[in-house]
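Subject: Structure for your review

Dear colleague,

I am handing over the structure we spoke about, and below it I have set out what was found in it. Please read the notes with the structure open beside them.

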Amino acid sequence: MDYHYPDARGHFGPYGGVYVAETLVPALEALAQAYEEAKRDASFRAEFEDELKHYVGRPSPIYHAKRWSETLGGAQIYLKREDLNHTGAHKINNCIGQALLARRMGKPRVIAETGAGQHGVATATVAARYGMRCVVYMGEEDVRRQAANVYRMKLLGAEVVPVSSGSRTLKDALNEAMRDWVTNVHDTFYILGTVAGPHPYPEMVRDFQSVIGKECLWQMPELIGRQPDYVIACVGGGSNAIGIFYPYLEHESVRLIGVEAAGEGIETGRHAATLVAGRPGVLHGNRTYLLQDEHGQIRETHSISAGLDYPGVGPEHALLKDLGRAEYVAVTDDEALAAFHSLCRYEGIIPALESSHALAYAAKLAPSLPRETVLLVNLSGRGDKDMHTVAERSGIRW
Amino acid sequence: MNRIDRTFARLREQGRKALIPFVTAGFPSVETTQALLPALVRAGADLIELGIPFSDPMADGPTIQRASERALAQGMTLARVLELVRDFRRTDADTPVVLMGYANPIEAMGEARFVQAAREAGVDGVLTVDYPPQEAEPFAARLREAGLHPIFLLAPTSRPERADEVARLGGGYVYYVSLTGVTGAGSLDVASVLARIPGLRERTGLPIAVGFGIRDAQTAAEIGAVADAVVIGSRLLEILEGASDADEACRRVEAFLRPIRRALDEKVTR
């Protein structure tokens, strides 16, 4: 497959780009240039890899979920264990990369937006690790849903700013982080947590997260003597999915499936399934699929998982959808919860609610496929942060 | 000739500077905006920037965010913004109106449909905050073909070559963002703003309007001594926030703008 995206101006076909106010253009140009230089610098790459090995604990293992696969009675499910990374999710891969870049650019202050809190925790972690000041923007609604992560960020020395504008979730936190950046651009580096936003973020975050898929490319042959038939990952902004999809793009026999949040059901309108039910537009600095009303206003989204509760999606996913190289589906809150409980009970692994969406689709798919078929699911994070949400949902006081 | 060009030509002849108020359409209510547009002209506005509310105004501070949220809650849409302009044109054929907003509502309507509707409604220019020149080429061409000016922002951090891009694609005037921050922020360094203006004017060949953070008559006059126009937005919306009805809103706004108009005319001499 002949695939060279983004182009020099940050476009993934018709998507991506730099749709920001002029005040941010110079900062993004400087960032793009610094990233180009860093990426070609062998010492930068070596330090990134060294940090991933000794600080994050990479490579993360791939685990054959035998008991769960047996129970489902079909294809074999393998899990890429990003939940075992330091801080408990894939988010740290990208944060290490961007923090190293911030240091290289001489910026002593980092900011971030966060939904579930995983990216905020990862940013606070690297800020502590490299001695940087750190401010995390988080929607008020998410602060409530993810109290444990808020405390974790504070323990790590970060300031957490609750955002009360708009729908008080991830999209509003992103707006607020951009506003901070535009105001403090002289000393501040914005560590964006997903493959969305203006160029060079979608490319840069993809590159840092690609370590996930690159490891799978040598791990799967070691385990089963070949590549998997399917690679499945959840998609909110889409960073864990791009991280595992991207190295597989040229392996055309491997089917790539992104799983979005159908919330209470696509037909209810209360969901966050951007690629399944949205249409293209411009938000947060890039052109991509969006959940919007007929007047172009961004819709409030719903998902049981704060990390998927986002009305946009990375522009590269928009392109992969149009090209047909990846397929995008959606599973409901209830389906994700059922998969969450199954993995707890059959494998002794508590998955993040985000990752539970990918698991839920694998559970749907597996019974219809022969036993020789192999599904590789990106288990992007662990579920400790979701105890409160799951308990509340099950009517358990906790 | 576009009304914006005509207005700046007349002011240049008179040795005066343009006062440009910004109001969010539909804030605090549709009726208020309707009454407000002529009131702004009575108070001395030379050109009106009318904000198209958007759910995610990334470049705006809390005041314009709140105004946008409230306007949207009242059911404001881009189509209704255009109706407001059409109404205004029934009684005012001369004062230029520039729509200012974000790309997505325009794209949702369809660029071609929007440009035609804007022209028919009597719009003179469009400033799309999140279309910097490198992403705006087709849209800017469409606007120019319809006789409307694509208006662009330049910032203190912009490289000099950015002004050439604006000169190539834009028209009407350049909106110079007076500080590195969001709309309505506090700290405006007048001296550094003034230092940039002559160079920008020469490089773009366009009048320079300065906005973001101008809150009173004195600052307006200082900026107006060098710039061709001053834009006042967030402070104006703050004044509107507490108004109980359209009449009071108009009275408040006129009382706020008149001294600014005077200061601008007194300090500035031919």
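In which loop of chain A is Thr87(A) found? Thr87(A) is in the loop between E4 and H4 of chain A. Before going further, please keep in mind that this is a predicted model, and that every value here was computed from it.

**Residues in the loops of chain A**

Thr87(A) has a phi near 75°, which is a positive value in a residue other than glycine, and with a relative accessible area of 13% Thr87(A) is buried. The loop between E4 and helix H4 (91–104) of chain A also holds His90(A), which counts as buried because its relative accessibility is 6%, under the 20% limit. A polar atom of the His90(A) side chain lies 3.4 Å from the backbone nitrogen of Asn240(A). Not counting residues up to four places away in sequence, His90(A) touches Glu82(A), Asn85(A), Gln209(A), Ile212(A), Ser239(A), Asn240(A) and Ser380(A).

A positive phi, of about 60°, is also found at Arg168(A), although Arg168(A) is not a glycine. Arg168(A) has its place in the loop between strand E7 (159–163) and helix H8 (170–183) of chain A, and at 38% relative accessibility Arg168(A) counts as partly exposed.

Two cis peptide bonds in chain A may be worth a look when you check the backbone. One joins Tyr5(A) and Pro6(A), with omega about 0°, and Pro6(A) lies in the segment before strand E1 (11–12) of chain A. Another joins Arg58(A) and Pro59(A), again with omega about 0°, and Pro59(A) is found in the loop between helix H2 (42–56) and E3 of chain A.

**The sheet of chain A**

Chain A has an open sheet of 6 strands, in the order E3-E4-E14-E9-E10-E13, and the pairing in this sheet is mixed. Strand E3 (62–64) and strand E13 (326–332) of chain A stand at the edges with a single partner strand each, so one side of each is left without a neighbour in the sheet. On average, and with direction ignored, neighbouring strands of this sheet are turned by 30° against each other. Within the sheet, strand E9 (residues 230–234) and strand E14 (residues 374–379) of chain A pair in the parallel sense over 3 bridges, and the bridge partner of Val231(A) in E14(A) is Leu376(A).

Helix H10 (residues 211–224) of chain A lies across E3, strand E4 (76–81) and E14 of chain A, and runs at about 135° to E4(A). Helix H14 (residues 333–347) of chain A lies across E3, E4, strand E10 (255–263), E13 and E14 of chain A, and runs at about 90° to E13(A).

**Strand E3 of chain B and its partners**

In chain B, strand E3 (residues 97–101) is mostly covered, with 5 of its 5 residues buried. Val97(B), Leu99(B) and Gly101(B) point one way from E3(B), whereas Val98(B) and Met100(B) point the other way. Strand E2 (residues 48–51) of chain B runs parallel to E3(B) and is joined to E3(B) by 4 bridges, with Glu49(B) standing opposite Val98(B). E3(B) also pairs in the parallel sense with strand E4 (residues 125–128) of chain B, over 4 bridges, and here Met100(B) stands opposite Leu127(B) in E4(B).

Ile52(B), which lies in the loop between E2 and H3 of chain B, is counted as buried at 7% relative accessibility. Leaving aside neighbours within four places in sequence, Ile52(B) is in contact with Leu78(B), Val81(B), Leu99(B), Met100(B) and Gly101(B).

**A helix crossing in chain B**

The axes of helix H3 (residues 62–73) and helix H11 (residues 234–241) of chain B come within 9 Å and cross at roughly 55°, which makes H3(B) oblique to H11(B). The crossing of H3(B) past H11(B) is left-handed. Thr63(B), Ile64(B), Arg66(B), Ala67(B) and Arg70(B) in H3(B) meet Ser234(B), Leu237(B), Glu238(B) and Glu241(B) in H11(B).

With best regards

Notes. Residues are numbered from 1 along each chain as its sequence is written. Chains are lettered from A and ligands numbered from 1 in the order in which they are written. This is a predicted model: local features need pLDDT of at least 70, side-chain atom pairs count only at pLDDT 80 or more; totals for chains, interfaces and linings use all residues. Side-chain values use heavy atoms; hydrogens and water are left out. Buried means under 20% relative accessible area, exposed over 50%, partly exposed in between (1.4 Å probe, protein chains only). Helices (H or I, at least four residues) and strands (E, at least two) are DSSP runs, numbered from the N terminus. Two strands pair if DSSP finds at least two bridges between them. Axes are lines fitted to C-alpha atoms, for helices over the stretch in contact, and angles run from 0 to 180 degrees between N-to-C directions. Contact means heavy atoms within 4.5 Å. A polar contact is a pair of N or O atoms within 3.5 Å; within protein, one must be able to donate a hydrogen and the other to accept it, and residues adjacent in sequence count only if both atoms are side-chain atoms. Angles under 35 degrees count as roughly parallel, over 145 as roughly antiparallel, 65 to 115 as roughly perpendicular and the rest as oblique. A crossing is left-handed if the near helix is turned anticlockwise from the far one by less than a right angle, and right-handed if clockwise.
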